[in-house]
Every structure is written in C-alpha cells, then in structure tokens.
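Here are my notes on this one, kept brief. Have the model open while you read.

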Amino acid sequence: MLYDVAVVGSGFSAIAVTINLLRLLPPSTLIAVVGDAPGFGRGTAYRTEFYMHRLNVPAGRMSLFPDKPDDFVEWLAEHMRQVSADGFASRGDYGLYLRDRLASLLRGDERPARVDFVKAKATDCVHCSEAGLVFHLDNGAELRARNVVLCLGIGNADLPLAAGKIDTCVESRIVRNPWRLSWLSKVGPSDTVCILGSGLTMIDQVLALRVHGHRGRFRVLSRRGLLPHAHPPADRRAPAIEPELGCSREISALLAGFRRQVRKGADWRGLMDGLRPVTQKLWQELAKEQRARFLRHGLAWWNVHRHRIAPQISARFEALRRDGIVTVHAGFLETIEEGPRGALVTYRERQSHRPRSFNADWIVNCTGMERAGVAHSPLLREMQRQGLISPDVLGLGLSVDKGSRVLDLNKEPQPGLYTVGALTAGQFWEITAVPDIRVQAQNVASAIASTLRA
Ligand SMILES: Cc1cc2nc3c(=O)[nH]c(=O)nc-3n(C[C@H](O)[C@H](O)[C@H](O)COP(=O)(O)OP(=O)(O)OC[C@H]3O[C@@H](n4cnc5c(N)ncnc54)[C@H](O)[C@@H]3O)c2cc1C
C-alpha cells in the first residue's frame, strides 16, 4: 500500500503532526504512524506516572493548538484537575490529554482521514522515485509513503567518560538511560546514588526515587554544578519584557545588552520570557561562529535560566539539599572503579583541580539529551549513508530549511521529507518544547496538505 503520509515516531511531535493532518486532510487520505514506544504520543516526557513529575511550562502555554491556547486548561477543568492556566500540571496528565485529543478526532462525527498505527521501529529508508520513500521496519514489513515526517526526538547522551575509564565490574551499577524507569525499583532504601548531570533530568530522578521510598543520599556531579532556576509563584511572576537586542549579532554584545537591562531593573525571568518569541529569528541571524561560541560558553547558563522548574518542585528539591540528602559537586568525572562500598567515583574538582572521590551504590547518567541526533539513531545513520539526509554543521541534528524540509547530502531539500522537533535545532534552536513544536507541526502538516491538494 502507498500511504499519502507516514509519520515516524511516537512522542509529542508525532501526535501533533498527526492531529494537524487529521484536521486538514480529506477522508480519502491514508496516513501511517510508525512508532515503537508504549503509549503512543506520550514519548519520553509524558509517559511518567509520578504525580510529582510536573510540566516545566505553565498549563496555559501547553495547548496542542496554537490557535486554541486554552485547550489544555479546558481539558484539565473538564477532568477535575485543580490546575489553573499559570499552574504546572503533571506530565502524566498531559500525556492523557494528548491521547484524548487524538482519540476524539478519530472517533468524531466528521469522518477523518484513515490512520494506521504500526507498532514497529523504522530501521532503514530508501528513496524510490515513483513511490516516494520506502521504509524497512523491524517487524520485517516495508512501508511506502509519498510524504514522510521524521519525529524521532533525540537520544539520551552517553556517559561523559571513555569506556576504558570504567571498571567492568561496576557496569551493573550504572544506569545509562534513566528514562527506562524499571531501574528505580532496584535501588535499596538506604543506597547512595550518584547522579551525573545537575539539570531537569536529575531533579526528576531524585523525586521519583523519593516517591519509591528511597531515603539514602544523593551525590550530584556536573561540570559546573549549576542547578535549574525555578519559576516564581504565579502571583510574583514578572510579565515578559522585550529584550533590547541592538544591531550586533555577536554573542558577547547580546549578553552585555541583556545584563545592562537587568542592571537597570528588568527582571531576568521576564527578559528570558520576552526573548522566547524572537529566539528562533535571532538564532537564524547569528553567524555559524557565533552559534558555536554560544554552544561552547553559554549553553550551560542558557539551560538553567531558560528551562526553569515549577515552584513546588524547586521547594521540595531545596529542602532535600538543606537536609544534606542531596549534595552537589562541580567537577570533571575521571573514573568509576570498584570501591570498598560499591563503586568509587573519582572526579577533578572544578575550582581547585584536586582529585576527589566518593562511594556510590548506583551511578545514574542524567547528562541530558544527545545533541548529535544522527549518531543515536540507526535509521538516521542509514539515511545519511545513502545521502538522503545530512547532519547539521554544529552537530545539532539534521540540516533542514526554514520549512523543516530535510536537506540531502548536497544540501538540496528532499521532496516530501520533513522532520519535526529537536532534530531541527540547527535551524531553529528553540524547538524542544511544546509551544514551539506545535507551531512547527502545524506548518509541516499545512505544507503536506497543500502538496497533496495540488
Ligand atoms: C523529562 C522531560 C520533560 C519535559 N517537560 C516538558 C514540559 O514540561 N514542557 C514542554 O514544553 N516540553 C517538555 N519537554 C520537552 C519535550 O522533549 C517535548 O515537549 C516533546 O515531548 C518532544 O517530543 P518528540 O516527539 O519530539 O520526542 P520524543 O518524546 O523523544 O519522542 C520520539 C519518539 O520517536 C520514537 N522513535 C525514535 N526512532 C524511531 C524509529 N526509527 N522508528 C519508530 N519510532 C522511533 C522514540 O521511541 C520516541 O518515542 C520535556 C522533555 C523531557 C525529556
């Protein structure tokens, strides 16, 4: 069978593209959605069952539809959840909302396009002029489609340590992918847990372990020891402030301008929020060297100021720090060896450069998401080998144009091949969260709908 559109992936991007296609395409259209993860549409972020795993964006900005901004808040009210537009709903509830919206479109009065959900992983793809693209799936099937939207997310980052620096006998104590939540039940109540990385993933895992009854210590180690800032409570939240960007597109000049505004009294959180609507345009105006400079020197600071946590999550985490349950170390991981009690983690302290060590029963990799998206995906590696795609120059995913069309090895747009989500960070930078991905999903669905109508 030849599908009009194949959506490959099973997270938010895939569900957002599918829903927009259903809103735009006639009933005669055939859509395939190919995904391997359980709970289609929930992806890594929204399949959690822990109530304390909260969204880090207020509910009023999490609607699936840019043109219906209150949609998620209305769903919360219909389902008796006590969360207002400026509150932070649970991520599990958000996953339910996504599936609900898809289900009601599929079951609605207006006959929608046909959608086949194929539970499989796409392993390979070949171009075939008369039938668009042909995918090979890990269930042995083949799938043909005239248009394809890759919604693959990005993988978990590798441990920040070469294999030779890890004692093989402690391998079983290392959790390389904390999103496979089964590891939580293996941890003993008084075990010491070393978490590598001090961002949002670390906070998620600490709180999840506490819910599981863990009462031991946490040693958090990251290069700078920076922790995400919190959103203030709703009644103390500053309105967005327009940043004075000036004419220079040098990172240092932009930062200096930002600091000047803060010195003159602007709230930095308001400024960060004011920057959001213009971030994509600003990123596109930066020369490659300036983008690279930003990634080298500014990324860690950007992450903690930009990706803030809900106030109630921050309060819980700070209480654990105050009670000495969580200790944060700034330094560079050097080795993980067998120790007198579990594993011995050795690192070089950031300020003093002195070697330091501690024992831990578990080492959990929370260093975040893989940025070089092509490397983590066998499908993308295969597509790169065939010249169908090319990596972004800064290793931020795939080369795409401003319409999210994938560029091939010769930097030419591949007809009918699009990608949505964090794999397009090289073109858009600010494209990891719902408020941005939902706009991109709508644009891609509209582009496909107009080619199918033509
Ligand atoms: C823990 C966490 C919390 C977050 N919280 C928020 C938040 O509060 N608000 C917000 O706006 N954003 C949040 N985000 C950002 C989040 O990444 C986006 O909101 C969104 O979920 C990204 O969805 P995605 O579909 O692009 O990627 P993913 O959710 O990663 O989904 C990609 C899917 O594609 C599948 N896949 C990959 N390769 C193949 C293949 N070859 N064949 C078939 N399927 C494949 C994967 O199995 C996966 O299920 C959070 C992210 C994380 C990780």
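1. A residue counts as near a molecule if its C-beta atom, placed from the backbone, lies within 6 Å of it. By that rule 30 residues surround the ligand, with G11, G43, G153, G421 and A433 the closest. Elements giving two or more residues to this shell are α1 (12-24), β2 (30-35) and α2 (43-46); helices (H or I, at least four residues) and strands (E, at least two) are DSSP runs, numbered from the N terminus.

2. Before going further: this is a predicted model, where local features need pLDDT of at least 70 and side-chain atom pairs count only at pLDDT 80 or more, while totals for chains, interfaces and linings use all residues. Residues are numbered from 1 along each chain as its sequence is written.

3. What is the shell around the ligand made of, by class? It has 15 nonpolar, 12 polar and three charged residues. Nonpolar here covers Ala, Val, Leu, Ile, Met, Phe, Trp, Tyr, Cys and Pro; Asp, Glu, Lys and Arg are charged, and the others, Gly among them, polar.

4. α1 also packs on helix α13 (residues 434-453), at an angle of about 40° and with the axes 8 Å apart. Axes are lines fitted to C-alpha atoms, for helices over the stretch in contact, and angles run from 0 to 180 degrees between N-to-C directions. The crossing of α1 past α13 is right-handed, meaning that the near helix is turned clockwise from the far one by less than a right angle.

5. The contact of α1 with α13 has 12 nonpolar, four polar and one charged residue.
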